[in-house]
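Let's take a walk through this protein, looking at its open and closed spaces first and then at a few helices and loops. Have the viewer ready and follow along.

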Amino acid sequence: MFQWLSQYNYDYALAAIPIQLILLLFYCFRKNLPIRSSYSFLGVMIANLAMTAFDLISCEMNEIWTEYPLWLMYLVNQGYFLGFIIRGWTLYDYTAVECNGYRALGKWVSYLTHIPALVAVLLILSTPWTATIFHFSPEKGYYNCEIYPIIYFCTYFYIAVSLLCVFLRWKHLDLRLKLSMLEYNMVLIAGILLRKQFINTLVTSYFSILAILFIYLSAQNPDLYRDKKTHLFNKDAFEKIGTEYLVSGTPFHCIVATIHNYMSAKNLYGHQQLSSCLDIFGQWLRRSFPGYYVFYFGNGDFLLFRKGRFEDDKENILRSMEEYFGHSWKSEDTEISLSISAMALPSHLFPKDIAKAVDFIAYIFTKAYVENRQGNVIVSEENLQRVSRLDMVETALSRALQEHSIEAYFQPIYSVREQRVTGAEALARFKDPELGCIPPQEFVRVAEHTGDILELGRQVFDRVCEFLETEQPNLLGLEKINVNLSPAQCMNDQLASELSAIAEKHNVSMEMIDFEITETSLENRLLLQKQMLRLQEKGARFSLDDFGAGTSNLVRLLNLPIHEVKLDISLVTSYFKGGSPMLPDLVRMFRNADMEIVAEGVETKEMAETLAEMGCNYEQGYYFSRPVPPKNFIAYLKKNTRHA
Ligand code: C2E
Ligand code: MG
Ligand code: MG
C-alpha cells in the first residue's frame, strides 16, 4: 500500500473525492437551472472538493514543510481553510435561498449572517502576515494559532442559521424539501462530532459528500427539472425559476404556446410520432429564440421565458411560430400536421404568488385558441380578472360546501300526454355573501376542476331527497325528479353506493329519481355502465341531457340504458329561428327507438304547442316556470293539480 507521511487516516477523504468529482462533472454537463440556489449548490461542491483535496495535500506537505517554499505552504493551507469556510457558507446560502429563508430573517439580519464568513476569509487571507489562524515556526512547522477556533465557530454558526431558516419557513415548505434540509444539516453535525471523537481520521469531507448527496437527490438532480420527451425544462423548473424572479421582484415575460387538440392529435398520430414532433418543435424553439428559456409543461403546452420586459420582438416570435406550424412536419418516417396557438404574457400581469402564476398560465393554455381566433395575441388584464374570479369562486364554493349552504331549486317538467306537470329537474343554486348568485355553469366547472364536484353532487342529491322526504311532492302528482350528474361524478367508482346511501337515509325510493348524464360521461363507458347498472337495480333511471349541444354520437347513445333524451336549448331555439330543420326527424327517430323526448328551453305557448305536435313527450322551460325554491315549487304543484 501507499505509504503516507502523516499519521492521519485518509480513507474517508479519499473515498469522497471521486464521488464529488463525478457529481460535479455530471452537474456541469447537465446544466442545471439558471437560479441562485443552483449556483450556491455548485459553490458547495467546488468548495467541498477544494477543501478535501487541500486537506490531504496540506496534511502530507506539512510533514516535510521544509522541502517547500514557505509561500507554497501558506497557500496550500489557506486553500484548505478557505474551502472549509466557503463550503459551510455556501451551504447556508443554498438553504436560505431554497427555503426563502433570507426573507424570513429580514434584510438586515440576513446581511449580518454573512459577517462571520467574511471575517474568517479575511483572517485566512491575512494569516501569512498576521498569524491569526495558523503559522509555521522553524521549530514546530505548522501549528494552529489563537483565532483558529473561528473555523469551527463558522461551521456551527451556519448550521444553526440554516436550521433557523428552515424552522421559520416550516409551514411553507413541502415535506421533501423540509426533510432533506433537516437531514443534510444533521449529517453535517454528525460529521463534526465524529471528527472530534476520531481526531486522526479525516471524516469531515465524507460527511460533506453525504450532505451533498442528500441535496442532489432531493432537489438538485438536473433530471428532476427536465421533461423526458423534449429534454426541455419542465413545469417544476418553471416554478423554481418563477419563484426566484417573483421573490426578488425581477421582471420577466413569457410566451405561451399550445398545440391544438393535443389529445386528439395523440390518438390520431400515436404517442411515438407526436413525441418526436414535440421534440423537434422544442429544439426549434431553443435554436430560434436563444435569449429565452424554453419549458415544456406537458400535453402540448410550451412556454418561453425571458428576463426583463417585452421588447418589440414578441410579434415576430408569434409570427414565426405560426409560420413554423403553417406546413406539415416530417419526422423520420412520417408527416403530420399540427396547429398552434400562442400568446404573449407581459410581466406586470403575473400574480405575485407562484402557485397563482402557474394557475394563470394553465388558464392561458386553455384559452389561447379562442383568444387567437378573436385576434388577441397578448394576454390582457381581463384574462387575469377571469382567473382571479375563478379563484374566488373556488374559495367561496369550498366554504359553501363546508357550510352545506348549496341549495336545490326545482324546474317543472310538463307531460304532454297527461297535460300536467309530472316531473321536475333539480338545479343547484349557490349564493355567496360576497360574490352574490353564482351561475351553476360557472361553479360546476370550478368544482369539476378542483374535485369538489363529488361533494357538490352528494349535497345536491341530499337536498333533493330531503325535499322528497319532507314535502312529499308525490302526493301532489309528482312522479320523478331529474338530478344532473357531471362526467366527473360518473368516474367515481363509489357513485352508486354513495347515492343509494343518501336516498336510504331519507327513506326515498330511487324509483323517484332520473339521473341526467351528458355525452362527455360516455367517454369512460365501462365505468359508467357499471354505475348505471347498480343505480338501475335500485330503480333509478337515466336521461341523456343536452342532446345536440355538442357532437352527438347516435350509435353510442342507442346502446346505453337510457330511456329519455333531453333536446338541448340551443337545438330547440335554433329550430324556432329557422335553423336545425332536422329536429322533427330526430324526434321521430328517437320515438322509433322507444325513447322519450324532453324539449328544453320552451319559452312560449307557440313553442310548447309546436313541440307537442312534433312528438315531444315532455317540455321544460320558462313558459311553465323558472327553477324555483322548494316551497315555491310545492305551491306551483298545488296550483297545477287544481288546474288539472
Ligand atoms: P341543464 O341540466 O341543461 O339545465 C337546464 C338549464 O336551462 C338550467 O340552467 C335552466 O335554468 C335553464 N333553462 C330552463 N328553461 C329555460 C328556458 O326556457 N330558457 C332558457 N334560456 N334557459 C332555460 P341552470 O340552472 O343555469 O343550469 C345550467 C347547467 O348547470 C345545467 O344545465 C347543468 O348542466 C348544470 N347544473 C345545474 N345544477 C347542477 C347540479 O346539481 N349538478 C351538476 N352536475 N350540474 C348542474
Ligand atoms: Mg340537466
Ligand atoms: Mg340540459
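What volume does the largest pocket have? It comes to about 1400 Å³. Of the 35 residues lining the largest pocket, Tyr 363, Thr 366, Lys 367, Arg 445 and His 449 are the closest to its centre. A word on what you're looking at: this is a predicted model, where local features need pLDDT of at least 70, side-chain atom pairs count only at pLDDT 80 or more, and totals for chains, interfaces and linings use all residues. Residues are numbered from 1 along each chain as its sequence is written, chains are lettered from A and ligands numbered from 1 in the order in which they are written, and side-chain values use heavy atoms, with hydrogens and water left out.

A pocket here is an open set of points on a 1 Å grid over the protein atoms alone, with protein on both sides within 12 Å along at least five of seven lines; a cavity is a set where a 1.4 Å probe fits but cannot get out, and lining residues have an atom within 4 Å of a point. Points are joined across faces, edges and corners, and a volume is the space filled by probe spheres set on them.

The largest share, ten residues, comes from H14. Helices (H or I, at least four residues) and strands (E, at least two) are DSSP runs, numbered from the N terminus. By class, the pocket lining has 14 nonpolar, ten polar and eleven charged residues. The classes go like this: Ala, Val, Leu, Ile, Met, Phe, Trp, Tyr, Cys and Pro count as nonpolar, Asp, Glu, Lys and Arg as charged, and the others, Gly among them, as polar.

Now for the closed spaces. Searching the whole structure turns up three cavities of 30 Å³ or more, and the largest cavity holds about 70 Å³ of space. Its lining is made up of Arg 87, Gly 88, Leu 91, Tyr 92, Thr 155, Tyr 158, Ile 159, Ser 162, Asn 185 and Leu 188. Helices H3 (70-98), H7 (150-168) and H8 (175-197) each put at least two residues into that lining, which by class has five nonpolar, four polar and one charged residues.

Stay with H8 for a moment. Its 23 residues reach 33 Å from first C-alpha to last, close to the 33 Å expected at 1.5 Å a residue; the expected span is 1.5 Å times one less than the number of residues. At the N-terminal end, Asp 174 caps H8, with a side-chain oxygen 3.1 Å from the backbone nitrogen of Arg 176. The buried residues of H8, including Leu 177, Met 181, Asn 185, Leu 188 and Ile 192, pack against H3, H7 and helix H9 (204-220). Buried means under 20% relative accessible area, exposed over 50%, and partly exposed in between (1.4 Å probe, protein chains only).

That leads us to Ile 212, which lies in H9. Why does Ile 212 count as buried? Because its relative accessibility is 1%. Leaving aside neighbours within four places in sequence, Ile 212 is in contact (heavy atoms within 4.5 Å) with Gln 20, Leu 23, Phe 41, Val 44, Met 45 and Asn 48. Leu 33, in the loop between helix H1 (11-30) and helix H2 (36-63), is buried too, at 2%. Not counting residues up to four places away in sequence, Leu 33 touches Ser 38, Tyr 225, Phe 233, Ala 237, Lys 240 and Ile 241.

Last stop: backbone angles. Most residues other than glycine have a negative phi. Ser 580, in the loop between helix H22 (569-576) and helix H23 (583-592), instead has a positive phi near 40 degrees. Asp 594 sits in the loop between H23 and strand S16 (596-599), with a positive phi near 60 degrees. Are these two residues buried or exposed? Ser 580 is buried, with a relative accessible area of 15%, whereas Asp 594 is exposed at 69%.

Conventions: Polar contact = N/O pair within 3.5 Å; in protein donor to acceptor, adjacent residues only side chain to side chain.
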